[in-house]
Amino acid sequence: MNDFDLRDATIADAGAMLALLRSVATEGDSLPFMNDVERGFIDSQWLGARGCVVAYRGDLLLGMYRYGANMPGRGSHIATATFLVAQQSRGQGVGRSLVRHSIDSARASGFRAMQFNQVLATNTAALSLYRSLGFKRVGRIPEAFAHPRDGYVTAYVMYLDLRQPRCGD
């Protein structure tokens, strides 16, 4: 059992969410965002998303995710999501709980599939997690990301058919 709680994010979480986003962006090895992200980005892109969930242990924000349609209109039946886990909370099941929750939320909302558009080849922890939950690599984008240490690295497109039974239990 996890010693943290998952819940819908609220405006009261915005400051902690912004700090986490800036921290992960500063690491520079998983998100395309720069560390100068403004508060309005949290309000519009995170709290304004179809679903935005936070993981807390007491008053400490451990991680968060947002999900929604990958594309508008005729592509809106496929969900996408973005996940952030605080550096000190990695390896504790927070990411797995967030991803599972997003899959369940997307499935319950009627999405047919989930697609992650840019998972870096160097982000082996995320790739391993996604594969363990049934995601398949369906695309490869060479030199998609300017990594601060590794230069231009490949990114993968990961896909999960939500009409299939839940995997990774």
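## Start at the pocket

Select strand β4 to begin: with 6 residues, β4 contributes the most to the lining of the largest pocket. Keep in mind as you go that this is a predicted model.

How big is the largest pocket, by volume? It comes to about 1,100 Å³. To find the middle, pick Ser30, Phe83, Asn123, Ala126 and Tyr130, which are the closest to the pocket's centre out of the 44 residues that line it. Now colour the elements that each give two or more residues to the lining: α1, α2, β3, β4, α3 (94-108), β5 (113-120) and α4 (124-132). If you colour the lining by class instead, you'll get 20 nonpolar, 18 polar and 6 charged residues.

Is Phe83 buried or exposed? Its relative accessibility is 16%, and buried means under 20%, so Phe83 counts as buried.

Tyr65 sits in strand β3 and Phe83 in strand β4, so the pair ties together parts that are 18 residues apart in sequence. Tyr65 is buried too, with a relative accessible area of 0%.

Turn to the other partner, Phe116. Here the ring centres of Phe83 and Phe116 are 5.5 Å apart with the planes at 80°, so you are looking at an edge-to-face pair. Phe116 belongs to strand β5 while Phe83 is in β4, so this pair links parts 33 residues apart in sequence. Phe116 has 3% relative accessibility and counts as buried.

The model has 8 aromatic pairs in total.

## Along helix α1

Now select residues 14-27, which make up helix α1.

Which residues of α1 are buried? They are Ala14, Met17, Leu18, Leu20, Leu21, Val24, Ala25 and Glu27. To see what covers them, show α2 (39-46), β2 (51-57), β3 (60-69) and β4 (78-85), which are among the covering parts.

Step just past the end of α1 and you reach Gly28, where phi is positive, at about 75°.

## Glu38, out in a loop

Carry on to Glu38, in the loop between α1 and α2. Its relative accessible area is 56%, so Glu38 is exposed. What does Glu38 touch, leaving out residues up to four places away in sequence? Leu18 and Arg22. For a sense of scale, draw a line from the C-alpha of Glu38 to that of Leu160: the two are 122 residues apart along the chain and separated by 32 Å.

## Last stop: Glu143

Finish in strand β6 (residues 136-147), where you'll find Glu143. What should you look at here? Check the backbone angle: phi is positive at Glu143, about 50°, although this residue is not a glycine.

Methods:
Residues numbered from 1 in each chain as written. Predicted model: local features only at pLDDT ≥ 70, side-chain atom pairs only at ≥ 80, totals over all residues. Heavy atoms only, no water. Helix = DSSP H or I, 4+ residues; strand = E, 2+ residues; numbered from the N terminus. Expected span 1.5 Å × (residues − 1). Buried < 20%, exposed > 50% of the residue type's maximum accessible area, 1.4 Å probe, protein only. Contact = heavy atoms within 4.5 Å. 1 Å grid on protein atoms, 1.4 Å probe; cavity = no way out; pocket = protein on both sides within 12 Å on 5 of 7 lines; lining within 4 Å. Points joined across faces, edges and corners; volume = space filled by probe spheres on them. Nonpolar A, V, L, I, M, F, W, Y, C, P; charged D, E, K, R; others polar. Phe/Tyr/Trp six-rings, centres within 6.5 Å; stacked < 30°, edge-to-face > 60°.
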